[in-house]
Amino acid sequence: MRSGGTVFRFIMDIEGLPFAEAVAYLAERQGIALPANFGVRHITSNPKLERFREAHALAAKVFNHILMNTDAGVQALNYLLSRGISRTTIALYQLGFSPKPGNVLVPFLKRKGFTESELVECGLAIELGSVVSDRFRGRVMIPIADRKGQVVAFGGRAMDAGVKPKYLNSPEYELFHKSQLLFQYHVARKAIRKEKQALLLEGYMDVIAVRQAGIEHGVATLGTSLTEEQAHLLKTDCDKVVIAYDGDQAGRKATVRAIDILEGVGISPLVLRIPDGMDPDEYIRAHGGAAFARLLSRNTLSVVQFLLDEIRQGAQLVSAVGRTEFVRQALRILAERATPVEQEYELRNLSQEFNLSVETLKEELRTFSKQSRRRTFGREASGLKTVAQPLARAEQQASVRLLQAVLFSPEAAAYLMEKGLTELAEPLQTALLSNLYAWRLENPDGSPSAFVDQLEDESLAHFASSLFFYEVPEFSTALLDDYLRALELQLEQLHRSLLRQWIEVEAGGDEEKSTEIKLQVERIQDQIATLKQPRAIHAE
């Protein structure tokens with residue numbers, strides 16, 4: 001097996017592995033037996049990455065020592081203790097503190113033989129003019145470990161009020177990609193397998209708080225929305241995930257998006273409803289760990305129950321019109337999302353609450369079910385995945401959503417053009433995007449229907465018309481960035497599949513087929529590289 005071209009570059013980049021180790025990694029994940037003479041036993045580690053790991057391990061010890069044994073760490077230590085975090089927990093998570101004044105870490109690591117350029121490259125230091133300084137100052141330090149439990153990054157919580165950002169993560173580098181790791185996954189994995197489910201939290205302190213309360217299967221994303229890569233990571237150990245995000249509006253929106261991602265990889269999500277808009281850490285501090293454990297066992301909702309609860313939050317039930325609209329929205333959710341058993345149960349609840357007969361509700365439900373099937377059929381006929389379900393897989397709807405953004409929002413169109421988006425997942429989608437850009441440049445405020453009317457290509461016109469059947473979200477730059485990331489993930493998933501095929505073909509010695517797959521791999525990698533490259537900043 002040869003390393004020519006760029007065939008294993010994706011795995012080498014995201015895992016920080018040399019070629020031979022990347023092959024072994026892929027073969028193990030895919031259940032493929034490597035040739036007997038492959039020589040995996042002679043794999044050597046990457047010296048540069050090993051030094052980065054060593055630097056982070058030493059940094060964690062330094063930060064922890066400052067917190068636990070010096071006057072500089074007293075304020076941070078008292079802060080953690082006041083939040084109910086015990087000294088045992090501090091030691092378990094190797095929490096630490098980075099003092100605000102002066103350089104501490106950089107001089108220490110230089111004495112250990114590390115160069116300033118190494119420390120900058122792995123994110124422990126930052127260049128400030130001609131001076132290389134500690135990146136983290138005046139922050140409680142939370143080590144972030146990879147899947148093997150080795151520290152590769154830090155999250156730092158500001159101690160001083162008003163300091164932004166409140167949480168500062170290490171920058172990404174070869175060993176640290178936020179989209180591919182989960183906080184404390186290496187520790188929680190055994191409990192996740194035992195419980196056959198994971199508890200998905202938003203913050204580092206939430207994980208620490210629930211672990212101290214005796215709940216060991218909690219993990220958290222690293223300051224970002226849940227990604228498909230993180231969902232796939234969870235899928236290797238469980239088929240159920242309880243989402244326990246903050247109870248405020250932002251947390252509920254993030255929950256909807258997490259449901260989408262989890263369902264897309266075949267995980268059954270559940271949602272923990274936390275009272276009073278609290279996050280798990282706040283709830284445990286207010287009511288205790290035992291109360292949170294009871295909440296987890298009694299207040300977990302199915303996806304349908306959560307969505308019904310969501311629309312109830314904004315319903316105007318004091319008026320007849322508001323009640324009618326709530327019932328209609330509830331029936332639409334039941335038609336699109338619920339199993340027959342869930343439908344029967346919720347219909348009876350609606351019947352009792354609003355004094356409507358179950359038969360009347362069932363008749364209306366059948367109407368919504370027919371509409372849902374028609375929308376599904378129409379979208380499948382046009383070669384698109386249905387999004388009648390509000391939480392369809394993010395990576396499957398990314399290209400469609402990006403096209404919608406350009407079609408329905410001049411501001412979103414300008415943003416995506418500035419970002420340099422030129423290709424989508426399918427050739428037809430890319431062709432439509434090109435037409436949309438050209439039209440938007442000439443008609444910045446033109447109506448979507450006017451665009452469709454001027455299309456001469458029948459297939460493009462049919463495709464563009466199908467975009468009107470989708471509910472149009474309120475596009476923001478954050479949402480558009482999520483869609484761009486989902487598109488990148490879609491291509492990466494295809495890339496992985498092709499890599500697996502190439503391993504099998506190479507092992508079988510089929511040179512012609514190997515060359516054919518190689519060309520496909522390189523084409524997909526070019527698309528991924530285009531999405532990953534730094535975007536040009538629009539000049540005024």
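These notes go topic by topic.

**Ground rules**

I am working from a predicted model, where local features need pLDDT of at least 70, side-chain atom pairs count only at pLDDT 80 or more, and totals for chains, interfaces and linings use all residues. Residues are numbered from 1 along each chain as its sequence is written, and side-chain values use heavy atoms, with hydrogens and water left out.

**Aromatic pairs**

I took rings of Phe, Tyr and Trp (its six-membered ring) as paired if their centres lie within 6.5 Å; planes under 30 degrees apart are stacked, over 60 edge-to-face, the rest tilted. The count is nine aromatic pairs. I looked at Phe136 and Phe154: their centres are 6.5 Å apart and their planes stand at 70°, so I logged the pair as edge-to-face. Phe136 sits in the loop between β3 (131-134) and β4 (139-145), while Phe154 is in strand β5 (residues 151-158), 18 residues apart. Helices (H or I, at least four residues) and strands (E, at least two) are DSSP runs, numbered from the N terminus.

Next I checked burial. I call a residue buried under 20% relative accessible area, exposed over 50%, and partly exposed in between (1.4 Å probe, protein chains only). Phe136 has 1% relative accessibility, so it is buried. Phe154 is buried too, at 0%.

Trp439 and Phe451 make a tilted pair, 5.2 Å centre to centre with 55° between the planes. Trp439 lies in helix α20 (residues 427-442) and Phe451 in helix α21 (residues 448-454), so this pair ties together parts twelve residues apart in sequence. Trp439 is buried at 8% relative accessibility, and Phe451 is buried at 1%. I also found a cluster: ring pairs link Tyr93, Tyr167, Phe183 and Tyr204.

**Nonpolar cores**

A nonpolar core here is a set of buried Ala, Val, Leu, Ile, Met, Phe, Trp, Tyr and Cys residues joined through side-chain atoms within 4.5 Å. Which members of the largest core touch the most other members? Of its 65 residues, they are Leu80, Leu95, Leu124, Phe154, Phe183, Leu199 and Phe292. Helix α3 (residues 47-69) gives the most to this core, with ten residues. A second, separate core has 44 residues, including Val219, Val303, Phe306 and Leu334.

**Helix faces**

In helix α4 (residues 74-82), I find Ala76, Leu77, Tyr79 and Leu80 buried. They cover an arc of only 160° around the axis (taken from the directions from the helix axis to the C-beta atoms), which puts them on the same side of α4. The face turned away from that buried side carries exposed Gln75 and Ser82.

I repeated this for α19. Its buried residues include Ala412, Ala413, Tyr415 and Leu416. Their arc is only 165°, which puts them on the same side of α19. Gly420 follows α19, and its phi is positive, near 90°.

**Cavities**

I used a 1 Å grid over the protein atoms alone: a cavity is a set of points where a 1.4 Å probe fits but cannot get out, and lining residues have an atom within 4 Å of a point. Points are joined across faces, edges and corners, and a volume is the space filled by probe spheres set on them. I count four cavities of 30 Å³ or more. α11 (249-264) and β10 (268-272) each supply at least two lining residues. By class, the lining has six nonpolar, two polar and three charged residues. Ala, Val, Leu, Ile, Met, Phe, Trp, Tyr, Cys and Pro count as nonpolar, Asp, Glu, Lys and Arg as charged, and the others, Gly among them, as polar.

A cis peptide bond joins Lys164 and Pro165, with omega about -5°. Pro165 lies in the loop between β5 and β6 (167-169).

Where is Gln184? Gln184 is in the loop between β6 and α8 (185-195). Its phi is near 70°, a positive value in a residue other than glycine. Gln184 is buried, at 10% relative accessibility.

Asp276 also has a positive phi, near 60°. Asp276 is in the loop between β10 and α12 (280-287). At 70% relative accessibility, Asp276 is exposed.

Technical notes:
On a 1 Å grid over the protein atoms alone, a cavity is a set of points where a 1.4 Å probe fits but cannot get out, and a pocket is an open set with protein on both sides within 12 Å along at least five of seven lines; lining residues have an atom within 4 Å of a point.
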